[in-house]
Amino acid sequence: MGSSEEPREARVRLPQLRLDELLEELQARLDAARGTRDSVHSLLEAVLSVGRELDLEQALRSIVEAAAVLVDAEYAALGVIGPDGKRLSDFLTVGVSDAQVAQIGNYPEGHGILGELIRNPEPLRLTKLSEHAASYGFPPHHPPMNTFLGVPIRVRDQVFGNLYLTEKRGGQQFDDEDESVLSTLAVAAGVAIDNARLYEESRLRERWLRASAEITHSLMSGSDRSEVLQLIADRAREITGAALAVVALPMVGTDSLTVELAIGQEAEAHRGLVLPVHGSLIGQAFSDAAPVSTPDISRDERVATGPQRFTGLGPAVAVPIGSGEGLRGVVLLVREAGRKVFAEQEAEPLQGFAAQAAVAMELAERRRDAEQIAVLQDRDRIARDLHDLAIQRLFATGMTLQSAGRFIEHTEASERVVRAIDDLDETIKIIRSTIFGLRSRDEAGPGLRARAVRMVGETAPVLGFAPSLRMEGLLDTHVPKQIADHVVAVLSESLTNIARHARANRAEVVLETDGREVRLEVSDDGVGIPAEGRRSGLSNMAERAQQLGGDLEWTSPATGGTVLRWLVPVTDQ
């Protein structure tokens with residue numbers, strides 16, 4: 001009996017063990033299916049969340065946040081590839097605090113592993129970052145990172161950027177499923193980015209159209225040219241997110257441009273500035289009649305020497321106003337340092353908008369010409385009326401009095417008639433002189449602005465550098481020719497002294513008037529004026545100022561060099 005019971009227990013125990021194994025395997029498969037279901041559900045939620053975003057910046061932020069959650073990564077980043085296709089122009093992070101970012105410093109540009117994914121836009125999975133041949137190392141204060149998963153994001157067959165994930169939580173490695181999930185998210189991200197960009201472009205186009213309509217309305221209403229240029233600069237600055245807008249126009253009789261309008265950050269340092277056509281960023285846009293951009297204007301070699309005018313500023317674009325023979329000037333737009341560079345897509349609407357400025361200036365000039373013609377025609381009519389009517393009547397009256405004078409026997413009365421005839425002759429001379437003045441065309445020589453520009457240009461070879469020149473006010477209108485001659489002479493003497501004695505590397509000239517007085521300031525960074533040195537040049541300049549009721553003063557700043565100020569009144573001359 002005992003032997004017959006043992007096989008029965010074995011038979012019972014064997015099916016029970018197999019059933020437990022089957023149940024465990026079934027539970028594992030259920031857990032895997034549930035995990036897959038949850039993963040797919042999370043992926044679908046992430047795709048829907050990313051797809052809902054129409055703001056590009058927010059869409060990028062949503063993508064990188066969703067990527068970190070989907071693969072359970074501690075750190076995530078999205079690098080946007082710049083226009084050159086070799087570097088990162090933007091970098092968004094998740095998992096790194098603002099304090100850590102501040103300690104690390106500048107965002108990466110695309111070296112090392114990040115650059116590897118730019119050069120070879122294929123999924124990349126690493127168990128240890130430092131062991132890869134392209135590993136570039138981390139900067140100080142960077143958190144430690146080992147495991148890595150990166151996938152490219154494509155927008156219409158073009159690589160837009162890359163997703164970078166590091167440090168899978170729990171000390172685990174990124175697996176095939178993580179790579180598959182992230183690659184799927186990258187496809188959805190490409191569609192979302194494309195939609196956001198199209199939406200952004202449509203909104204931007206709408207803003208340009210509204211601004212153009214506003215400009216057109218201003219033109220049709222007869223606004224002054226300066227008002228229209230101000231409006232154009234304001235709207236261009238607002239739409240492009242620029243911190244500074246500058247409008248430079250060519251100076252008649254010179255090979256230079258002068259800044260007529262500047263608004264925004266550092267605007268005061270630009271107003272009235274004179275820039276050479278050859279060798280400057282704005283000048284290149286004018287001479288090439290095409291947009292010229294730079295990623296950092298504060299370091300661009302085409303920016304004229306002189307005082308720092310672009311502190312805290314970076315990306316810039318100079319767009320010509322008009323084209324061909326209708327070229328009128330240049331609009332310069334500058335963004336703050338660290339902002340994105342001006343893309344080619346932005347240059348097209350900018351050129352169209354700058355064409356509005358050309359139309360504004362053309363209409364203003366035609367309106368001014370029409371007004372001048374009307375004034376001249378009115379002068380001719382007045383002169384003709386004075387000659388044909390007034391003078392003839394006065395002459396006839398004089399002849400009548402002269403004839404009547406022969407019949408006057410009273411001596412005193414006869415003398416009075418003779419005096420009246422003389423007065424009539426004098427009146428006729430005055431009227432004829434007035435007629436000559438009305439019909440004359442004053443062919444004035446070059447104005448003070450052009451003469452100052454020419455003088456600065458002539459001394460540049462002697463100095464070894466081009467001085468910075470800034471002019472403000474109605475110098476050609478408010479400064480009489482006699483005073484203008486003295487201004488040019490003092491400017492020449494000042495720059496010559498700098499060339500002979502200062503051993504300077506930089507000079508700045510400021511010439512301005514407010515209608516009451518004219519001020520000339522010439523400064524340099526040279527050795528200064530020695531106490532025992534010759535001062536004949538200074539004496540000559542001081543005498544000129546005193547003759548005109550003005551004054552001359554000079555100082556030697558603690559930073560070195562000399563600042564000379566020549567000031568004279570321009571009223572009651």
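Visitor: What makes a set of grid points a pocket and not a cavity?

Guide: A pocket is an open set of points with protein on both sides within 12 Å along at least five of seven lines, whereas a cavity is a set where a 1.4 Å probe fits but cannot get out. In this predicted model, the second largest pocket has a volume of about 840 Å³.

Visitor: How do you know which residues belong to the lining of the second largest pocket?

Guide: Lining residues must have an atom within 4 Å of a point. The lining of this pocket comprises 27 residues, and P250, V252, T258, R449 and D476 are those nearest its centre.

Visitor: Which elements supply at least two residues each to that lining?

Guide: They are the strands β6 (244-250), β7 (256-264) and β12 (468-472), together with the helices α8 (344-404), α10 (448-463) and α11 (475-478). The greatest contribution is that of β7, with 4 residues.

Visitor: What is the division of the lining of the second largest pocket into nonpolar, polar and charged residues?

Guide: There are 12 nonpolar, 6 polar and 9 charged residues in this lining. Among the residues nearest the centre are R449 and D476; Arg and Asp both count as charged.

Visitor: Why are α10 and α12 called roughly parallel?

Guide: The axes of α10 and α12 (residues 481-502) make an angle of about 15° and lie 10 Å apart. Angles under 35 degrees count as roughly parallel, and the two helices are therefore described in that way. Their crossing is right-handed.

Visitor: Which residues of α10 and α12 meet?

Guide: From α10 come L448, R451, A452, M455, V456, T459, V462 and L463; from α12 come A484, D485, V487, V488, L491, S492, L495, I498 and A499. By class, this contact has 13 nonpolar, 2 polar and 2 charged residues.

Visitor: How many cavities of 30 Å³ or more are counted?

Guide: The count is 1 cavity. The largest cavity holds about 110 Å³ of space, a value that stands over the 30 Å³ cut-off.

Visitor: What makes up the lining of the largest cavity?

Guide: It is lined by 15 residues, with L275, I282, R309, F310 and L332 nearest its centre. Two or more residues come from each of β8 (273-276) and α7 (281-288). By class, the lining of the largest cavity has 11 nonpolar, 2 polar and 2 charged residues.

Note on methods: Residues numbered from 1 in each chain as written. Predicted model: local features only at pLDDT ≥ 70, side-chain atom pairs only at ≥ 80, totals over all residues. Heavy atoms only, no water. Points joined across faces, edges and corners; volume = space filled by probe spheres on them. Axes fitted to C-alpha atoms, helices over the stretch in contact; angles between N-to-C directions. Parallel < 35°, antiparallel > 145°, perpendicular 65-115°, else oblique. Left-handed = near helix turned anticlockwise from the far one by under 90°. Contact = heavy atoms within 4.5 Å.
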